[in-house]
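Trainee: Hi! Could you walk me through how this one is packed inside?
Mentor: Happy to. Let's bring it up and look together.

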Amino acid sequence: MRRVVVTGSGVVSSLGVGRERFLQGLREGRSGIGPIQMIPTEGLSTNFAAEARDFIGEEHFSRSDISLFDRVTQMALVAAAEAMAQSGLELSDERKLRAATVIGTSMGGQHTQDDNYRLVYGEGKTRVHPFIVPRLMANAPASQISIKYGLKGPAWSVSTACASSNHAIGQAFHLIRSGGADMAATGGAESGLTYGVLKAWEGLRVMARDACRPFSRNRSGMVQGEGAAVLILEELESAKARGAEILAEILGFGMTSDASDIVQPSLDGAARAIRAALEDARLSPEAIRHVNAHGTATQANDRTECAALRAALGPAAEALSVTSTKSMHGHCIGGAGALEAVATIMALREGIIAPTINYEEPDPECDLDIVTNCAREAKISAALSNSFAFGGLNAVLALRRWEGS
Amino acid sequence: MTETADSVFAEVRRIIAQQAMMDPGQITPDSTPDGLGLDSLALVEIVFAIEESFDISVPYNANDPNASDFDISTVGAAAQAVRRLLAEKES
């Protein structure tokens, strides 16, 4: 069977622009969450989020580019540029035909939508900019990456709320493994820190009161974030043949639907996705020693996720180190799984597990080995990265440290 | 004024009855959300409807309803919490 490896990664996040700034923030246990500064917060009940404040589109793109790129697309393109550069890929015209682009986003160009709704409904404008549609459509990040690098094979966007990125990466992985493409730019992006989107989340009443505290008994909910991460996946032999540096191997992907409730998570659905990822990876539960958890810091998610890990892994769950990096980079919704895959690859490559910060009190219903507050060193050979979306859609990736073969 | 006769209780009961798809007459001050078959999403909608109807802001976190300042453990408790919020708004 063809094997699939990661040869590049790029990140835009509230911890900084660029993979190294993101990883350094994770190692230090630094919070990217703070008072919202990029939009007026008057009228919002939540006034903090994980804004990627260092990301200024004008520093990366011309005015004519920006007229076509919503902030979500800008972030995706900057992450893709870093990932492509790290991979060192220079694709021939022939290889471009076998190159895929699969990018997740939950809500697409929300800044474009919010700004223009305000113009037409709020200010009574009768005319909008001609490029609103190509700017706000959910496939804009995927299409613009494909255009930029001439990736002419299969390309599509994936929208499964908080699991969009994991579904995108998992599908790109399966596509390459099955021979439908030889490489892929994949991952996800979200930039929904607009008045309208924050108002919508406020309505659901699951936003944190103070900080994002996954698995901590005194947690009070989620904190919204924005960001993008892109991975370059390649078929192993072609990556080796060109002498690429291999960052990690993707071993398996499992996806399931709860088929039960539109917002409440299900233990069964999550556990089945974890088992499916292990089966796809041909790994035993004992082989998994680390999980980058979905860990949203809602009561419902955290308890269900811990129970699902126990149900799926059995006694092997005792040896797991579990972390939720959302405590630092916020919940980047459609971009979350991609950012978390980059964190998981750090754990595999560097042996540094990013912490779950803001952790204050153990919760008896989340009694796994949570990596609290400070990064931990550990040699990890295989890990999972979980994403469980609203709508009951679950997507779990299994990754392995690259050890030369 | 008895609990069941006042207008705040009547309105809270109307809102909850609509969400529970029941006749308001079947709902008493002691009725609980569980007993009425209301899940967490229904409670969030009820809180929203209460805010709209009374023009108040209700402190309610769906993550941990027990830790919220708004007691919705029974219909009577919810009506009492609304009265308190209305009084705070006027003061």
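**Cores and helix packing**

Mentor: This is a predicted model. The largest nonpolar core holds 50 residues, and F22(A), L26(A), L231(A) and L233(A) touch the most other members.

Trainee: Which helix gives that core its largest share?
Mentor: Helix 14 of chain A, residues 336–350, with nine residues.

Trainee: And where does the core lie relative to the domains of chain A?
Mentor: Between domain 1 (4–241) and domain 2 (252–400), because both give residues to the core.

Trainee: What is L231(A) in contact with, leaving aside its neighbours within four places in sequence?
Mentor: Its contacts include V6(A), I169(A) and A184(A), and also A341(A), V342(A) and I345(A).

Trainee: Back to helix 14 of chain A. How does helix 1 of chain A cross it?
Mentor: Their axes come within 11 Å and cross at roughly 70°. That makes helix 1 of chain A roughly perpendicular to helix 14 of chain A.

Trainee: Which residues make that contact?
Mentor: From helix 1 of chain A, they include F22(A), L23(A) and L26(A); from helix 14 of chain A, L339(A), V342(A) and M346(A) are among them. By class, the contact has seven nonpolar, no polar and three charged residues.

Trainee: New topic: which residues are buried in helix 5 of chain A?
Mentor: Q110(A), H111(A), T112(A), D114(A) and N116(A). The buried residues of this helix pack against helix 3, helix 6 and helix 9 of chain A.

Trainee: What comes just after helix 5 of chain A?
Mentor: G124(A), which takes a positive phi of about 70°.

Note on methods. Residues numbered from 1 in each chain as written. Chains lettered and ligands numbered in written order. Predicted model: local features only at pLDDT ≥ 70, side-chain atom pairs only at ≥ 80, totals over all residues. Heavy atoms only, no water. Core = buried A, V, L, I, M, F, W, Y, C linked by side-chain atoms within 4.5 Å. Buried < 20%, exposed > 50% of the residue type's maximum accessible area, 1.4 Å probe, protein only. Helix = DSSP H or I, 4+ residues; strand = E, 2+ residues; numbered from the N terminus. Domains from an automatic or database assignment. Contact = heavy atoms within 4.5 Å. Axes fitted to C-alpha atoms, helices over the stretch in contact; angles between N-to-C directions. Parallel < 35°, antiparallel > 145°, perpendicular 65-115°, else oblique. Nonpolar A, V, L, I, M, F, W, Y, C, P; charged D, E, K, R; others polar.
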